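Please read it beside the sequence and the coordinates.

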Number of protein chains: 2
Amino acid sequence: MDLVSQILEGNRLALSRVLTQIENGTPQGQATLDALFPFTGQAHLIGVTGAPGTGKSSLVNQLARAYRAANGQSDPPSVAVVAVDPSSPFTGGAILGDRIRMRDLSGDPGIFIRSMASRGTLGGIAQTTAGVVQAFDAAGFNIILIETVGAGQAEVDIARLAHTTLVVEAPGMGDDIQAIKAGILEIADILVVNKADRPGVENTERALRNMLQLAHPAPRIFQHHGGQTGEVYAARAETDGVETTKEETTPAAVTAEIWIPPIQRTVATEGEGVENLLKLIEQHRAYLLRTGELFQRDRLRFETELEQLLQRILMIRWREAISDDQYQATVELISSRKLSPRQAAFSLVDGDSI
Amino acid sequence: MDLVSQILEGNRLALSRVLTQIENGTPQGQATLDALFPFTGQAHLIGVTGAPGTGKSSLVNQLARAYRAANGQSDPPSVAVVAVDPSSPFTGGAILGDRIRMRDLSGDPGIFIRSMASRGTLGGIAQTTAGVVQAFDAAGFNIILIETVGAGQAEVDIARLAHTTLVVEAPGMGDDIQAIKAGILEIADILVVNKADRPGVENTERALRNMLQLAHPAPRIFQHHGGQTGEVYAARAETDGVETTKEETTPAAVTAEIWIPPIQRTVATEGEGVENLLKLIEQHRAYLLRTGELFQRDRLRFETELEQLLQRILMIRWREAISDDQYQATVELISSRKLSPRQAAFSLVDGDSI
């Protein structure tokens, strides 16, 4: 039986083998992924991101446990955990964390954990993560938790792969201007204040609430009828192809369903708040399905993945067509400050004699 | 007088104007940058990176101050600070920090501060930072401090723009497995333990020392003559074009000068340890000049910048040549799981009928 059929039948060893192939970027891995792709689209993808020290890993472990123990279910959902560490570009920094987790969650065949350190470029890690998630999806995992270490752009990009994105904060970090990022809040579907038994939890929650109001001003626009709503009405008129003006439309008529990210306190080490968090995730999935946003998010994800792949293919093809001597001579001209990098790039692409 | 001449003559207003053009990616900005590029190559570029909460901004402020107060100098070096925040992709998160800094350092015409939030793609922020640094360099700034917020791959990439990279840690963060990254240590030329008046400073320093030994095992290889050194000798033989074997070569003969990253404790808020840090930076620059590594680092930086520019140009050119309809139809085929993203990308590039 071939690898694809084995994976579709739930063979974990076959899955492991393909995950390694995907991570190493081998042609077999890519061919298997192509064959698996039509079977994806069933899993719910949950991204978990936040600064180091917020207790993300414990939270992810507890979430996995909670899904497996889902009350009263004789057939609880299967859970895959993908832990991505983009800030570990050189060494296998994820390995240690991996071992600690395995000790914590091993023994349950319904949970599968994969830790990935970044190898090579940033585009590389995002693409590899996408591939690993697709393999888990095709293999029939119902829930896929994608955890990213850190809180930079790379983590944001990876967390965006998900249907539901959790942003984790912890008390004591919110006082630092740099700790809570409006940008990261904007990708949050659910905010988690972990380590909620620590002092300062109210301050953290208040700071988050204030930033949420900046990031999601929509509800306030809909509540008031006067002033500043012009853009909303115009957008509505454009999408519906109907001419409406502020005066002709009541606020109720233009109110689309909007998801306001809720804030959930947890103490992951004690399991506190985790069941509520699970309920919020389920509510968010129901919202995504009801509004059609699930499909939109999938489409956006595929567009991003396609663009990254295209960029890579175009660069490789182009690089193969140009001689090493010409390339190195151009770098030399930059080094000696005779051409700016931009001038050099255009001269290479346009084939100008330089 | 044109903008380029004004900048070369030290006109700060002209410089500000060009920095904004560069950040906005305008054609004028790029043309000015091309014209300024031949005048770059004088400044020493110092990258400062590390996790949030380590006090990087205070340290950068103190370093700027220390350079300006450099003892006994009637003509202290001029300092530019570029604060990059790649984890703030949506909103101008850097603005608040900017204001706090201006209050702290303003009034000294020898210091110029520029805060940048990430706009658009990651490639974008790295490229924009490179451009801003080149403008400062051409404008005659002697020292350029490039500070990145966060500790992800993006920050690592940006810190690599520098000649000397400082990685900042602080006590109390080192206990978390995820806080100290071997990968980030590997780009460090100097390690700074800031907030060194806090408890736990010995633990942090010990953890850093242990990780340094993993990241820089070279000295140990040279000290011992037996075992495990085959690769080093082979590499030497290849680059020199001389056949050498382990037996024919004494360790002394193959010992190149190696920089082992020193660890410096600081209390940035009090200015403690900052002068020593400045001396270490000067020693590192002297080492880079002595060994020719300064030139190598510049070359590597330009190669990276060239590659990023090429990727972008190739993608834009290609995208212009393909119809929107065809592109959207392909995305649709992925959405409906008929083609994998990889199959779709190749079919688009190779123009296969799909």
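1. To begin at the end of a helix: just after α15 of chain A, A:Arg337 adopts a positive phi of about 65 degrees. The helix itself, α15(A), covers residues 324–335, and its twelve residues reach 16 Å from the first C-alpha to the last, close to the 16 Å expected at 1.5 Å a residue. In chain B, B:Arg337 likewise has a positive phi, of about 60 degrees, although it is not a glycine, and it sits in the loop between α15 and α16 of that chain. B:Arg337 counts as partly exposed because 14 other C-beta atoms lie within 10 Å.

2. All of this comes from a predicted model, so its confidence scores should be kept in view. The model scores ipTM 0.78 and pTM 0.71. Chain A averages a pLDDT of 79, with 73% of the residues scoring at least 70. Two stretches of chain A call for caution: pLDDT stays under 50 over residues 88–96, for which the model has 29 contacts beyond four places in sequence, and also over residues 219–255, for which it has 23 such contacts. Where pLDDT is low, the predicted coordinates should not be read in detail.

3. As for the overall make-up of chain A, its secondary structure comes to 16 helices and seven strands, and buried residues make up 44% of its 354 residues. Of the contacts in chain A with a separation of 6 or more, 72% are accounted for by residues 24 or more positions apart.

4. How do the axes of α13 and α14 of chain A cross? The axes of α13(A), residues 274–291, and α14(A) come within 5 Å and cross at roughly 90 degrees, which means that α13(A) is roughly perpendicular to α14(A). The residues of this contact divide into three nonpolar, one polar and two charged. On the α13(A) side they are A:Leu288, A:Leu289 and A:Thr291, which meet A:Glu293, A:Leu294 and A:Arg297 in α14(A).

5. Helix α16 of chain B, residues 341–349, has as its buried residues B:Pro341, B:Arg342, B:Gln343, B:Ala344, B:Ala345 and B:Leu348. What do these buried residues of α16(B) pack against? Their partners lie in both chains, namely α3 (27–36) and α14 (293–321) of chain A together with α15 (324–335) of chain B. Just after α16(B), B:Gly351 takes a positive phi of about 65 degrees.

6. A further backbone feature concerns A:Lys195, a residue other than glycine whose phi is positive, near 55 degrees. A:Lys195 belongs to the loop between β6 (190–193) and α9 (201–215) of chain A.

7. Finally, B:Thr164 has its place in strand β5 of chain B, residues 164–169, and is buried because 24 other C-beta atoms lie within 10 Å. Leaving aside neighbours within four places in sequence, B:Thr164 is in contact with B:Ile46, B:Asp189, B:Ile190, B:Ile281, B:His284 and B:Arg285. The C-alpha atoms of B:Thr164 and B:Ala188, which are 24 residues apart along the chain, are separated by 8.0 Å.

Definitions and conventions:
Residues numbered from 1 in each chain as written. Chains lettered and ligands numbered in written order. Predicted model: local features only at pLDDT ≥ 70, side-chain atom pairs only at ≥ 80, totals over all residues. Helix = DSSP H or I, 4+ residues; strand = E, 2+ residues; numbered from the N terminus. Expected span 1.5 Å × (residues − 1). Buried ≥ 20, exposed ≤ 12 C-beta atoms within 10 Å, placed from the backbone. Contact = placed C-beta atoms within 7 Å. Axes fitted to C-alpha atoms, helices over the stretch in contact; angles between N-to-C directions. Parallel < 35°, antiparallel > 145°, perpendicular 65-115°, else oblique. Nonpolar A, V, L, I, M, F, W, Y, C, P; charged D, E, K, R; others polar. pLDDT = per-residue confidence, 0-100.
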